[in-house]
Amino acid sequence: MAAAIAVVALLGAAPAFAHGFTSTVYVDLTSPATGHVRAALGLEYDLLVVSAADAEKDDPLFRTGDAAFKAGDTARQAAALDAHADSVVAYVTGRFGVTAEGKACTPVRDGGFTIEQREDVPYALLVLDYRCPESAESHEVRSGLFPDSEKYVRDTKTVVTYDLDLTSGSAALDARQPSFSTQQSWAERFWEFFRLGAEHLLTGLDHILFLLALIAGSRRLREIVLAATTFTLAHSVTFILAALGLVQVPASFVEPVIAFSIAVVAGWHLWRIWRRRSHATDLDLAGHGHLSLDSAGWARLAVVFCFGLVHGLGFASALGIEQALSWKLLWSLLVFNVGIEAVQLAIIIVVFPLLALLRHRRPAAGLWTTGAIAAGVSVMGLVWFVQRILGI
């Protein structure tokens with residue numbers, strides 16, 4: 001996925017927002033009474049409008065809902081959904097359901113629609129009361145909301161927190177894993193969020209390019225290990241703080257800074273090559289200090305740490321974390337982070353030894369190769385930065 005030599009070929013096809021057009025649905029399940037399952041669903045408003053209107057052939061829903069979205073009027077947005085509630089509820093309940101020991105629960109809308117902000121975009125909150133057999137000891141939840149086949153978004157995730165059947169926890173559903181049971185094992189819950197984190201890094205080209213920039217600019221194994229550790233610690237801090245609701249930074253700030261960080265870290269290596277030519281990989285022995293790093297190495301670590309803090313907010317936004325989440329989801333988010341780290345480590349294990357071997361056997365070729373990688377990554381970072389600043 002992240003072969004160093006192929007990175008330049010990937011650049012031309014990369015979108016402005018490297019995570020692609022994805023969406024996340026948020027569901028909170030509770031049991032207010034025996035035989036009842038209350039599902040509070042948070043759905044991206046404009047996506048809900050176009051998907052429901054298309055699926056239910058409700059053109060007036062699209063016209064009124066789209067006009068309210070463009071006007072940024074949350075009252076009009078809620079009113080548009082309420083006026084076409086039958087179409088919207090039919091769309092949602094046709095793709096999201098709860099069963100009790102194999103028997104389908106019957107959904108009933110509870111109250112009107114409300115609008116809230118997530119990831120700087122409006123989300124519609126829909127509450128459904130599922131009537132289930134009273135004797136059920138376990139429930140199964142399935143979600144096929146906003147599938148790839150609709151061609152509006154790809155790879156929709158449904159993040160579920162639940163407090164049912166004398167147990168509580170969380171689950172992540174997508175096309176590969178469309179359902180779960182409240183009696184699922186700890187290992188199953190771990191794997192769901194681990195896979196979600198791994199896939200997020202693999203499909204997030206901006207984070208991969210940042211990592212490649214770190215690898216290309218690392219002169220010794222010690223440097224890439226320390227840089228990767230520093231990056232991990234930094235983004236883990238802000239990831240957890242965002243999950244606890246202690247840090248709230250809009251995506252309009254985070255995304256451009258992530259792009260800028262890619263250009264800076266890659267440009268750092270280019271500047272060193274321009275300044276020191278064939279001695280770019282040499283250590284400044286006069287400045288040798290703790291951990292066998294010279295002054296340039298320490299300065300680079302400081303830059304990586306600062307940008308790592310911002311990348312943590314980017315990882316958090318993958319799950320729409322802009323407000324405090326329940327403690328029962330926090331553990332799953334940490335597992336999500338472990339998935340990110342596993343892929344990051346795998347990329348380092350594959351790429352760095354190849355570059356180190358090339359530098360050792362053919363120093364000039366190694367310098368040219370890392371310079372070409374850094375140049376391509378730097379250009380892409382600057383392109384993304386401009387696009388994200390301008391909103392294109």
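Predicted model: local features only at pLDDT ≥ 70, side-chain atom pairs only at ≥ 80, totals over all residues.

**Aromatic pairs**

The structure holds 10 aromatic pairs. In one of them, the ring centres of Tyr45 and Phe69 are 6.4 Å apart and the planes meet at 25 degrees, so the pair is stacked; planes under 30 degrees apart count as stacked. This pair links distant parts of the chain, since Tyr45 belongs to helix 2 (residues 45–55) and Phe69 to helix 3 (residues 59–71), 24 residues apart.

Another pair, formed by Phe260 and Phe385, is tilted, with 5.5 Å from centre to centre and 45 degrees between the planes. Here too, distant parts of the chain are linked: Phe260 lies in helix 9 (residues 251–276) and Phe385 in helix 12, 125 residues apart.

| Residue | Relative accessible area | Class |
|---|---|---|
| Tyr45 | 0% | buried |
| Phe69 | 30% | partly exposed |
| Phe260 | 37% | partly exposed |
| Phe385 | 27% | partly exposed |

Elsewhere, ring pairs join Phe190, Trp191 and Phe194 into a cluster.

**A nonpolar patch**

Ile389 is located in helix 12 (residues 363–390), and Leu390 has its place in helix 12 as well. Ile389 has a relative accessible area of 51% and is therefore exposed, because the class requires over 50%. Leu390, at 58%, also counts as exposed. Together with Val386, Ile389 and Leu390 make a nonpolar surface patch of about 290 Å². The C-alpha atom of Ile389 is separated by 9.4 Å from that of Val257, 132 residues away along the chain.

Methods
Residues numbered from 1 in each chain as written. Heavy atoms only, no water. Helix = DSSP H or I, 4+ residues; strand = E, 2+ residues; numbered from the N terminus. Buried < 20%, exposed > 50% of the residue type's maximum accessible area, 1.4 Å probe, protein only. Patch = residues over 30% accessible without salt bridge, like charges linked within 9 Å, V, L, I, M, F, W, Y side chains within 5 Å. Areas by Shrake-Rupley, 256 points an atom, 1.4 Å probe, with all protein chains shown as cover. Salt bridge = Lys/Arg side-chain N within 4 Å of Asp/Glu carboxyl O. Phe/Tyr/Trp six-rings, centres within 6.5 Å; stacked < 30°, edge-to-face > 60°.
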